[in-house]
Amino acid sequence: MRLVDAFIPIWFLAAIGYAGRRWNLLGDSAATVLARFVFYFAMPAALFLDLSRMPLSGFTIWPLVAFGTSALAVLGAAWLGFSRWCGRKSAERPIWAMAAGYVNSANLGIPVAKQVLGSLSFLAEIILFQVLVLTPIILLALDRHSAGGGPVRIRRIASLPVRNPVIIGSVAGVLCSAAGWRPPGVALASLHLLAIAAVPTALVALGASLYTPTRAAVGRNELSVITVLKLFAQPALAYLVGLLLHLTPAQLLAVVVCAGLPTAQNTFIFAQEYGIADDLASRAVLVTTSLSLVTLLAAAALLG
């Protein structure tokens, strides 16, 4: 029952966001505006405060190895195999792979980590892994296709870490922890107010994003393959690798729950920016996010 209790606020706040859009209490751009607030302000503050208070000994490499192995395996299989089998062109395959293996570590990751895992430390490692390892690979491929096979925009990709507020907040928190430095009381109070807004705002934004009056036409079989890879294959693979690495039960729970997070909304953002498979990306985000509210509870209950 404790695990169910942890998920009830997630469902409740997501339902509020959905109802707000469904009954037109929130504007058409509500999900975007709220998500931007979380991404640029509330989430960096929450990560900074959590990481600045955590000793560096709290970071562990093997759970991240288990998560990274599952993510890279699913991304590779989706990119090189399943997307080709579904008839996607080479330019569309990076987005297809991202839909199948790139987790929503922000809007849903933060509330799930807070409610179920009780800490953002492992989630911060996942955010850094995705942004520093997976994102450059995907952007390199998208840039190359958008340039017609020409040179990629290396400067843009290289500057990604300093342009991403989530990475900035995480790195700043780690540095403060290493130096044993704490910000002044007034600054801490301000950051705390921002941080406590991260989880409820992210969940309301998530619920608002689930309301889509017009839905793009995407093949059911194709969407089913993406859903199975994202919500079942990736966490199952993370669990098997975690067993091989002899992770503790708590570490296994963190790895499987984080690997079972739905398709990241960045998938749709990248698809729109490059004008590639945005219909597929939007439907993948919608379907996997909706179903993950059940699959995440099931995974947490089995491992809890």
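Author: Happy to. The structure holds three salt bridges, a salt bridge being a side-chain nitrogen of Lys or Arg within 4 Å of a carboxyl oxygen of Asp or Glu. Side chains of opposite charge can pair when their charged atoms come close.

A quick word on the ground rules. This is a predicted model, where local features need pLDDT of at least 70 and side-chain atom pairs count only at pLDDT 80 or more, while totals for chains, interfaces and linings use all residues. Residues are numbered from 1 along each chain as its sequence is written, and side-chain values use heavy atoms, with hydrogens and water left out.

Let's start with Arg88. Its partner Glu222 has the closest N and O atoms 2.6 Å apart. That pair links distant parts of the chain: Glu222 belongs to helix H11, Arg88 to the loop between helix H3 (61-85) and helix H4 (93-101), and 134 residues separate them. (Helices are DSSP runs of H or I, at least four residues, numbered from the N terminus.) Arg88 also forms a salt bridge with Glu92, at 3.3 Å between the closest N and O atoms. Put together, Arg88, Glu92 and Glu222 are linked in a network of salt bridges.

How covered are these residues? Arg88 is buried, with a relative accessible area of 12%; buried means under 20%, exposed over 50%, and partly exposed in between, using a 1.4 Å probe and protein chains only. Glu92 counts as buried too, at 19%, and so does Glu222, at 11%.

Now for Arg21 and Asp28, whose side chains meet in a salt bridge at 3.5 Å, N to O. Here Arg21 is buried at 10% relative accessible area, whereas Asp28 counts as exposed at 69%.

Helix H1 (residues 2-22) also holds Tyr18, which pairs with Tyr211 in the loop between helix H10 (185-210) and helix H11 (220-244), so the pair ties together parts 193 residues apart in sequence. The two rings sit edge-to-face, 5.7 Å centre to centre with 85° between the planes. For the rule: rings of Phe, Tyr and Trp (its six-membered ring) pair if their centres lie within 6.5 Å, and planes under 30 degrees apart count as stacked, over 60 as edge-to-face and the rest as tilted. Tyr18 itself is partly exposed, at 35% relative accessible area.

Key. Helices (H or I, at least four residues) and strands (E, at least two) are DSSP runs, numbered from the N terminus.
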